[in-house]
Amino acid sequence: DLDQAVNYGELALQKAPTLADRMWAQGFLGWARCRRGQPSKGVEALASLVEVSRAGGHIVSVLLFTPYLTEGYWLAGQHNKARKIAEELLEIAERCGAQYYIGWAKRLLGEVALKTNPDEAAPHFEKAIAVFRETGAENELALAYSGMGRYHKQQGNTEQAREYLTKALEIFERLGTLLEPDKVRKELADLGD
């Protein structure tokens with residue numbers, strides 16, 4: 001319920017007693033706005049938060065909110081910015097050994113590549129899938145499977161597309177993930193029989 005997420009994010013921002021609480025509320029509110037269809041509004045808040053976190057050397061906040069910023073740029077169609085931010089996230093995550101964020105950066109790089117240079121997408125998704133399998137991050141694994149399915153669909157590989165999208169759907173349904181199963185069902189329906 002992204003409308004409710006935005007409402008609670010705004011309330012958290014208003015009620016935040018400390019600067020740190022305000023920053024965390026701003027980050028999650030920015031993410032909710034990006035996902036709700038207001039990426040420019042969300043990106044503005046997230047870019048500011050990531051910049052302050054970097055300047056303050058707070059790597060945890062950088063790792064947490066940079067994927068949201070990347071996704072916001074991607075959803076806003078600002079693919080060059082999304083790629084640049086995802087590459088920065090990947091560099092920081094690799095330096096810290098943060099496998100989950102390495103996988104997240106690679107998945108987002110795959111999503112951006114689907115829009116800008118599809119030939120580069122598959123290796124990013126493959127790496128994300130390997131990381132998420134290893135770390136047990138199932139929802140992110142399903143997102144990576146979904147991306148790989150869309151890649152194969154773009155390439156005209158219907159059976160491989162169906163295989164990856166079906167894996168994604170099975171995980172999303174088992175986890176009770178909201179929104180994503182409907183998107184994947186539509187992708188599968190678009191493949192036909």
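**Salt bridges and a helix pair in a predicted model**

Let me begin with Arg107, which is buried at a relative accessible area of 3%, where buried means under 20% relative accessible area, exposed means over 50%, and partly exposed lies in between, with a 1.4 Å probe and protein chains only. Before I go on, this is a predicted model, in which local features need pLDDT of at least 70 and side-chain atom pairs count only at pLDDT 80 or more, while totals for chains, interfaces and linings use all residues. Residues are numbered from 1 along each chain as its sequence is written, and side-chain values use heavy atoms, with hydrogens and water left out.

What does Arg107 pair with? Arg107 forms a salt bridge with Glu140, their closest N and O atoms being 3.0 Å apart, and by salt bridge I mean a side-chain nitrogen of Lys or Arg within 4 Å of a carboxyl oxygen of Asp or Glu. Because Glu140 lies in helix H8 (residues 138-154) and Arg107 in helix H6 (residues 99-116), the pair ties together parts that are 33 residues apart in sequence; helices here are DSSP runs of H or I with at least four residues, numbered from the N terminus. Glu140 is also buried, with a relative accessible area of 8%.

The structure holds 19 salt bridges, and another of them joins Arg33 to Glu10, with the closest N and O atoms 2.9 Å apart. This pair links distant parts of the chain, Arg33 being in helix H2 (residues 19-36) and Glu10 in helix H1 (residues 2-15), 23 residues apart. Arg33 is buried at 13% relative accessible area, whereas Glu10, at 30%, counts as partly exposed.

H1 and H2 pack at an angle of about 155°, with their axes 8 Å apart, the axes being lines fitted to C-alpha atoms over the stretch in contact and the angles running from 0 to 180 degrees between N-to-C directions. The two helices are therefore roughly antiparallel to each other, a label used for angles over 145 degrees.

Since they are four residues apart in helix H9 (residues 158-175), about one helical turn separates them. Lys167 is partly exposed at 27% relative accessible area, and Glu163 is partly exposed at 43%.

Definitions and conventions. Angles under 35 degrees count as roughly parallel, over 145 as roughly antiparallel, 65 to 115 as roughly perpendicular and the rest as oblique.
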